[in-house]
Amino acid sequence: MIFWFSGTGNSQWVAQQLAATLNDTLVDIAQATLGQQHKFTLKPGESIGFVFPVHSWGPPPLVCKFAQALQLDTYTSSTHCYMVATCGDDTGLTVEILQKSLGSIKLNAAFSVQMPNTYVCLPGFDVDDYATEGQKLMAAKSRVEKVATSIAERRNVIDVVRGSMPWAKSRIIRPLFVAGGMNDRNFRCDASTCTHCGKCAQQCPLRNITLNAQGTPQWQGNCTMCLRCLHKCPARAINYGTATVKKGRYYFKDKK
Ligand SMILES: Cc1cc2nc3c(=O)[nH]c(=O)nc-3n(C[C@H](O)[C@H](O)[C@H](O)COP(=O)(O)O)c2cc1C
C-alpha cells in the first residue's frame, strides 16, 4: 500500500511508477484526510510506502499529521515500510521527522529523488531553468527504477541526499517556516487576469479554495502550501503576494 501526496505532480508520478512496478495499490493522503480515513488493513506480507514532496526540509505537515493518525490493523514488526521523498535539492532530516510522526511504525528504507523545484515564494527561489528541469526528469526515471528494485528486494537502506547543514535546516529554519510561511494568507488572484475557469478550486487537494460571486478564488485557511493553484493557473492570475509575479511556473507533465 502506497500512501502519497503531491502538489504539482512530481511525487504523484513517482508513486504511480512504483505502484505499477511493484503491483501495489495507491492511497491519496489528501483524499483520505478529507474523508477522515485513517484505518487501513494490510494484506499478509504487504509493504507500506509513503511518497511525498519535501517541504522545508521535512514532510509536508499534512503528511506528518496523516502518519500520526494512521492505524494499520495488521502491522507487525516484519512489515516492510519505506518512504520516497521528491525534492528540488535536498531533504535535511525528513527521514527522522517522518519516523517521529509514524511512532511505532518503523521505517526500514528511505530514498530521495531529485526533481524539478516548485518552491518560488521567497526571494532567491525559483523554478529550474528548462535544461536543468529536463536533466532532473531524465535522471529521475532511472532513479525511480533503482528505488523500485531496492523496495522489491526489501533492502534496509537509507539512501537520501540530506544536503549541507541538515540539522540547522530541519530544526531551526523549518519550524520558523512552518509557523509563519505555510499558510494561504498571502495568495492573491488578479481579478483582471483571472478567466474564472475554476480550475484552482477543482484541483486544490484539500478543497481549500472556493469561488466568489465573480468566480475568483478565495482561500479558506486550510492550506498545506503545495502551490498547485499557483503553478497550474492557466492564466498566471495567482500569486503569492508580489514575490512570484516574475517567477516561473512548473507542474509535472508526463512525456513518457
Ligand atoms: C512549500 C515548499 C517547500 C519546499 N521545500 C523544499 C526543501 O526544503 N528542499 C528541497 O529540496 N525542495 C523543496 N521544495 C521543492 C519540492 O520538494 C520539489 O519540487 C518536489 O518534487 C515537488 O513535488 P510535487 O510536485 O509532488 O509537489 C519545496 C516545495 C514547496 C512547494
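Residues are numbered from 1 along each chain as its sequence is written. Because the model is predicted, local features need pLDDT of at least 70 and side-chain atom pairs count only at pLDDT 80 or more, while totals for chains, interfaces and linings use all residues.

The chain is divided into domain 1 (2-178) and domain 2 (187-240), with bounds that come from an automatic or database domain assignment. Between the C-alpha centres of domain 1 and domain 2 the distance is 25 Å. Ten residues of domain 1 touch ten residues of domain 2, where contact means that the C-beta atoms of two residues, placed from the backbone, lie within 7 Å. On the domain 1 side of this contact, α2 (29-34) and α3 are the elements that give two or more residues. Helices here are DSSP runs of H or I with at least four residues, strands are runs of E with at least two, and both are numbered from the N terminus. The residues on that side of domain 1 comprise six nonpolar, four polar and no charged. In this classification Ala, Val, Leu, Ile, Met, Phe, Trp, Tyr, Cys and Pro count as nonpolar, Asp, Glu, Lys and Arg as charged, and the others, Gly among them, as polar.

The ligand comes next. Both domain 1 and domain 2 give residues to the shell around the ligand, so the ligand lies between them. Of the 26 residues around the ligand, those that come nearest are G7, N10, S11, P53 and C87; a residue is near a molecule or strand if its C-beta atom, placed from the backbone, lies within 6 Å of it. Helix α1 (10-22) and strand β6 (81-87) each supply at least two residues of the shell, and the largest share, three residues, comes from α1. By class, the shell has eleven nonpolar, 13 polar and two charged residues.

The 13 residues of α1 should span 18 Å at 1.5 Å a residue, and its end C-alpha atoms are 18 Å apart, which agrees; the expected span of a helix is 1.5 Å times one less than its number of residues. The buried residues of α1 are N10, S11, Q12, W13, V14, A15, Q17 and L18. A residue is buried if 20 or more other C-beta atoms lie within 10 Å of its own, exposed if 12 or fewer, and partly exposed in between, with C-beta atoms placed from the backbone. These buried residues pack against β1 (2-4), β2 (26-28), β4 (48-53), β6, β7 (109-114) and α5 (130-152). After α1 comes N23, whose phi is positive, near 55°.

Helix α5 has 23 residues and reaches 33 Å from its first C-alpha to its last, close to the 33 Å expected. In α5, the buried residues are A140, R143, V144, V147, A148 and I151. An α-helix has 3.6 residues a turn, so residues three or four places apart point the same way. The cover over the buried residues of α5 includes α1, β4, β6 and β7. Just after α5, R154 takes a positive phi of about 55°.

Another helix pair is formed by α3 (residues 61-69) and α4 (residues 94-102), which pack at an angle of about 35° with their axes 7 Å apart. Axes are lines fitted to C-alpha atoms, for helices over the stretch in contact, and angles run from 0 to 180 degrees between N-to-C directions. This contact is made by C64, A67 and Q68 of α3 and by I97, L98, S101 and L102 of α4. Five nonpolar, two polar and no charged residues take part in it. Helix α4 also holds E96, which counts as partly exposed because it has 17 C-beta neighbours inside 10 Å. The C-alpha atoms of E96 and G58, 38 residues apart along the chain, are separated by 8.6 Å.

Q36 has a positive phi near 50°, although it is a residue other than glycine. With 8 C-beta neighbours inside 10 Å, Q36 counts as exposed, whereas Q37, with 13, counts as partly exposed. Q37 and Q71 are 34 residues apart in sequence and 9.5 Å apart in space, C-alpha to C-alpha.
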